[in-house]
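Here is a short briefing to read beside the model. Please keep the sequence and the 3D view open as you go.

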Amino acid sequence: MTHIAIIGAGITGVTTAYELVKQGFNVTVFEKNLYPAMETSFANGGQLSACNAEVWNQKSTIAKGLKWMSQKDAPLLLNPSFNLHKYKWLMSFLNNIKHYENNTIATVRLALDARQHMFRIADEEGFDFNLEKKGILHFYHNEYEFEVAKKVNQLLQKGGLERYAVSPDEIKAIEPALTGQYYAGFYTPEDATGDIHKFTRGLAAACEKYGVKFCLGANVLHIQPHQDRVEIHYQQQAAEQQQDFDGVVICGGVNSYHLGEQLGDKIHIYPVKGYSITVNLNDENSVKNAPWVSLLDESAKIVTSRLGKDRFRVAGTAEFNGYNKDIRHDRIQPLVDWVNKNFDIATDNVISWAGLRPMMPDMMPRVQRSRQARVFYNTGHGHLGFTLSAATAVLIRHEIQTVLAAA
Ligand SMILES: Cc1cc2nc3c(=O)[nH]c(=O)nc-3n(C[C@H](O)[C@H](O)[C@H](O)COP(=O)(O)OP(=O)(O)OC[C@H]3O[C@@H](n4cnc5c(N)ncnc54)[C@H](O)[C@@H]3O)c2cc1C
């Protein structure tokens, strides 16, 4: 049986493992943490959001980044200090402005495909991950924002998304928990939310049931490809070890950049930091007044999801500031303030988190073979890893089958 190694047990690695084992492969997943889903797939915004498929490659994104440079609570922060990796990434981001329309449409299509796979997996495996199929509501605070959103909506519709404009009254009817004033919105009824950590852990358990081996606490140090096999060198419990495989898929999140460098592949991922808070809803009033419909506030760049009766997740901000994952109070406070402004719920019990989005400069995931024999990538899903992974896992499985059948 063909034996594939996967590096990384985040959402991309575990969906890849699931897809491969279900198609008859023998699979081993290497993860440096002691459990799956401990890095970026830990506490994200929770949205399965085809409606958020717009890529960010616009001049206006750069203009906002420059404008907000000195504002500590801005949704987008760019640390201007020189770093070659960051500046090369930014140049490439600018070069991809010309692909804005095509890449947005391609991302919607991928997200719609992923939605079907995700719902099929949820039905077949039956584990709980707080899946809510209540749609996603974008709202806007002024006419200008809404006019821009109408143009984006045309692209999303070109990609096949069902999404329609709603008035302020309709916004309140769709989500009565909202207490603010809003200019207008767009509603995507078929989008959904869930807990990425619970999903990845639940799917990892399903994978084990089908025979996938998880090699946890195992840091992959080196990949040595050959024509007939790939050697994986890793460190586990202070001992260096090696195993041979027929192929390897790199699903290493922000570290895919370094693994790619080792292999001579340019996987130009930059870590784009974001924050979330999980508001524990501990009293009856908060349980009643927290929203169930997932929200996206365009100007604050904040997304929400209700994770069961007693948790409300709020996420946002994009920081271009290297690999540190420190939780900064001045970045968390705007999320708490936003909750207090828009809802009548208590924020006295809030868990803060920060994670690094593995972002490509064109915002498109890399689902491809390497320059090296028997090495593949399924990585670089940026702000949409939960939304897209179920589809990219199928794409990389096809690629592996094609390449290895010809080898
Ligand atoms: C604040 C925030 C909000 C977000 N909200 C959403 C949202 O609402 N919807 C959405 O779709 N997406 C969202 N995202 C994006 C999404 O969370 C990510 O795209 C996704 O989690 C990335 O998954 P991954 O598997 O690529 O990376 P990770 O989850 O980071 O997994 C990679 C794994 O590889 C392991 N690894 C790396 N190198 C090695 C090595 N050498 N040896 C062994 N193991 C290794 C790491 O330890 C890690 O566990 C959000 C992200 C953030 C930060």
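**Strand β20 and its partners**

Strand β13, residues 247-250, runs parallel to β20, and three bridges join the two. This is a predicted model.

*Pairing around β20*

- Strand β19, residues 366-369, pairs with β20 in the antiparallel sense. Four bridges link β19 and β20.
- β19 and β20 form a hairpin, with five residues between the two strands. R374 lies in that turn and has a positive phi of about 70°.

*Cover and side chains of β20*

- Strand β20 covers residues 375-379 and is mostly covered. Five of its five residues are buried.
- Which way do the side chains of β20 point? V375, Y377 and T379 point one way, and F376 and N378 point the other way. All of these residues are buried.
- In a regular strand, side chains alternate between the two faces of the sheet.

*E298 in its loop*

- E298 sits in the loop between β15 (294-297) and β16 (302-306).
- Is E298 buried or partly exposed? Its relative accessibility is 21%, so E298 counts as partly exposed. The cut-off for buried is under 20%.
- Leaving out residues up to four places away in sequence, E298 touches H138, F139, Y140 and E145.
- G185 is 113 residues from E298 in sequence. In space, the C-alpha atoms of E298 and G185 are 9.6 Å apart.

*The whole protein*

- The protein has eleven helices and 20 strands.
- Its radius of gyration is 21 Å. A compact globule of 407 residues would have a value near 22 Å, so the two agree.
- The C-alpha trace spans about 65 × 45 × 40 Å along its principal axes.
- Of the 407 residues, 59% are buried.
- Take contacts between residues at least 6 apart in sequence: 75% of them join residues at least 24 apart.

*Surface and charge*

- The protein exposes about 17,000 Å². Carbon and sulfur atoms supply 50% of that area.
- There are 42 positive and 43 negative charges in the protein. The mean positions of the two sets are 4 Å apart.

Technical notes. Residues numbered from 1 in each chain as written. Predicted model: local features only at pLDDT ≥ 70, side-chain atom pairs only at ≥ 80, totals over all residues. Heavy atoms only, no water. Rg over C-alpha atoms; globule rule 2.2 N^0.38 Å. Buried < 20%, exposed > 50% of the residue type's maximum accessible area, 1.4 Å probe, protein only. Contact = heavy atoms within 4.5 Å. Areas by Shrake-Rupley, 256 points an atom, 1.4 Å probe, with all protein chains shown as cover. Lys, Arg positive; Asp, Glu negative; His and termini not counted. Charge placed at Lys NZ, Arg CZ, Asp CG, Glu CD. Pairing = 2+ DSSP bridges.
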